[in-house]
Amino acid sequence: MYVISSLFLNYHMNLSMFVFLKTLFVICILIVPSGHSNAYDVSFPILSALDCDESAEGWEERAYARSINGVLGLPNIDHPIDNQPSLAKIRLGRKLFFDRRLSINKTMSCAMCHVPEQAFTNWELQTAVGVEGRSLKRNSPSLLNVGFYKVLFHDGRDKMLETQFVSPLIARNEMANPSVGLVIDLLQNLADYKNYFHQAFGGQASLDRVGMALGAYQRSLVAGNTLFDHWYYNKKDSALTESQKRGFKLFTGKANCGSCHLINDKHALFTDNLFHDTGYGWMRERKRQYPNEKVLVQVTPDLSFELSHAKVMSVGLPVEADLGRYEVTEKPEDRWKFRTSSLRNIAVTMPYMHDGGLPSLAEVINFYDSGGPGHPLQDKRIQPLNLSKKERDDLENFLESLTSLNLSCLVAEGRSHDPDNHEIDH
Ligand code: HEC
Ligand code: HEC
């Protein structure tokens with residue numbers, strides 16, 4: 001690492017050298033073993049637009065092609081009949097997604113909780129934080145492959161990207177606009193949007209059109225084409241290591257993960273788009289109601305303090321209850337059910353579960369291995385697995401084969417234009 005930093009300091013580098021050094025840096029990071037899972041992990045992978053060798057020009061064509069033709073390992077996207085994608089809608093959707101003027105105090109865009117360099121989620125926060133530091137009770141999901149979900153949000157309270165966007169725009173702890181009408185009025189008056197809306201819809205901004213453009217852009221974030229896909233669908237035997245192949249066997253066999261995180265003959269979404277009680281939500285609720293007297297507060301990777309729970313609570317907001325799907329249906333049997341997450345790109349979408357409470361894949365695997373708390377409503381498929389250390393490692397290595405090989409180009413597309421929101425010109 002020292003050698004790399006001194007090179008940075010002493011030489012004027014051209015781009016290819018920079019890319020080479022970055023790759024070296026990423027390799028160094030990938031081979032650093034991850035630390036204790038309760039410690040926050042400083043060996044994050046890096047997703048950078050600089051690693052994409054496609055030009056920024058014409059990114060919309062590539063995004064459009066992905067959403068129409070599909071990608072290895074994934075089915076074609078089912079676009080709504082009344083919102084077929086177009087280059088102009090995708091271009092407008094991207095601009096809206098990155099525009100900080102769409103929040104009440106012009107500081108917060110969608111991309112600040114769904115950060116492209118962090119696989120369209122947020123690696124640093126267990127639960128999301130909106131304008132003026134107001135926090136949410138849930139973890140920001142990655143928006144990669146969001147077009148394949150039949151239900152949106154951890155509790156499935158929305159179904160369409162065309163309507164989902166209203167919620168973050170007006171939620172007090174997200175973008176905090178007093179009404180969605182005010183946002184539409186703003187967009188009708190911002191000069192730089194005029195052409196974008198005209199090209200996409202032949203008219204000015206409206207509620208429907210904002211939803212359609214954001215939907216078309218987000219459905220273009222298709223991220224298949226992983227080493228697993230090359231191995232399983234292209235029959236390229238060398239794409240996976242022996243450990244990953246053993247992990248696949250566990251995933252679809254003894255560990256039974258594949259019964260909810262589905263893999264089909266032609267493609268794999270790694271979700272059944274249904275709601276289940278894994279026991280995790282129930283366990284979180286128990287911890288909320290009966291907290292340990294002492295909690296460990298970590299301030300740097302190797303420095304933590306033990307404080308009393310009461311002291312910590314005196315400076316923060318109380319942790320909210322989360323009953324999952326029940327909050328949408330109010331049916332008692334839906335308590336603590338959450339939507340099955342897709343496991344595509346799972347190695348780069350930490351932290352995990354609806355509350356971001358598990359920092360690493362190893363920790364998630366430990367949870368499943370334990371069989372959960374086993375309370376009466378828990379799904380019967382979650383049982384103690386008694387996996388050996390080697391088996392847990394194999395499973396983790398398998399999950400690491402689910403990372404798309406073209407993520408850096410999705411980042412590059414997102415960052416292909418300036419966000420145009422430096423000044424407020426209305
Ligand atoms: C303050 C952070 C924050 C901002 C800003 C934000 N989101 Fe989110 N987003 C979240 C969180 C947290 C969730 C999960 C909430 C839940 O499940 O209850 C979420 C969920 C979603 C989902 C559902 C994903 C899934 O897997 O079902 C979509 C789509 C989405 N956001 C798009 C957007 C768009 C578009 C914007 C901008 C208009 C936006 N978000 C702004 C934090 C944010
Ligand atoms: C009964 C269905 C079911 C089974 C079996 C199952 N899962 Fe899950 N999985 C879920 C649900 C539901 C969630 C979302 C839980 C939450 O957010 O609280 C989830 C979440 C996850 C997550 C976190 C996803 C994220 O984005 O935060 C990982 C990783 C995961 N499961 C891996 C596995 C592995 C590995 C196995 C096998 C050992 C497995 N799952 C077995 C239903 C299941």
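Which residues in H3 meet Leu87, Ile90 and Arg91 in H4? The first close-up takes that up, after a quick word on the model.

This is a predicted model, in which local features need pLDDT of at least 70, side-chain atom pairs count only at pLDDT 80 or more, and totals for chains, interfaces and linings use all residues. Residues are numbered from 1 along each chain as its sequence is written, while chains are lettered from A and ligands numbered from 1 in the order in which they are written.

**View 1. Helix H3 crossing helix H4.** Glu60, Glu61, Ala63 and Tyr64 are the H3 residues that meet Leu87, Ile90 and Arg91 in H4 (contact is C-beta atoms, placed from the backbone, within 7 Å). By class, this contact of H3 with H4 has 4 nonpolar, no polar and 3 charged residues. Here Ala, Val, Leu, Ile, Met, Phe, Trp, Tyr, Cys and Pro count as nonpolar, Asp, Glu, Lys and Arg as charged, and the others, Gly among them, as polar. The axes of H3 (residues 59-69) and H4 (residues 87-97) come within 9 Å and cross at roughly 110°, so the pair is roughly perpendicular (65 to 115 degrees; under 35 is roughly parallel, over 145 roughly antiparallel, the rest oblique). Axes are lines fitted to C-alpha atoms, for helices over the stretch in contact, with angles from 0 to 180 degrees between N-to-C directions. Helices (H or I, at least four residues) and strands (E, at least two) are DSSP runs, numbered from the N terminus.

**View 2. The shell around ligand 1.** Of 27 residues around ligand 1, Cys110, Cys113, Gly130, Phe153 and Pro168 come nearest (near is a C-beta atom, placed from the backbone, within 6 Å). Helix H5 (161-164), H6 and helix H9 (207-219) are the elements giving two or more residues to this shell. Sorted by class, the shell has 18 nonpolar, 6 polar and 3 charged residues.

**View 3. The loop between strand S4 (338-339) and helix H15 (361-370).** Proline 351 sits in this loop, and the peptide bond into it from methionine 350 is cis, with omega near -5°. Methionine 353 lies in the loop between S4 and H15 too, and has a positive phi of about 75° although it is not a glycine. Methionine 353 counts as buried, with 20 C-beta neighbours inside 10 Å (buried is 20 or more other C-beta atoms within 10 Å, exposed 12 or fewer, partly exposed in between, with C-beta atoms placed from the backbone).

**View 4. Alanine 176 and isoleucine 104.** Alanine 176 is in the loop between helix H6 (166-170) and helix H7 (180-189), with a positive phi near 60°. Isoleucine 104 is in the loop between H4 and H5. Leaving out residues up to four places away in sequence, isoleucine 104 touches Val131, Met175, Ala176 and Asn177. Alanine 176 is partly exposed, with 19 other C-beta atoms within 10 Å, and isoleucine 104 is partly exposed, also with 19.

View 5. The protein averages a pLDDT of 88, and 88% of the residues score at least 70 (pLDDT is the predictor's confidence in each residue, from 0 to 100). Over residues 1-39 the pLDDT is below 50, and this stretch has 30 contacts beyond near neighbours in sequence. Where pLDDT is low, predicted coordinates should not be read in detail.

Conventions:
Contact = placed C-beta atoms within 7 Å.
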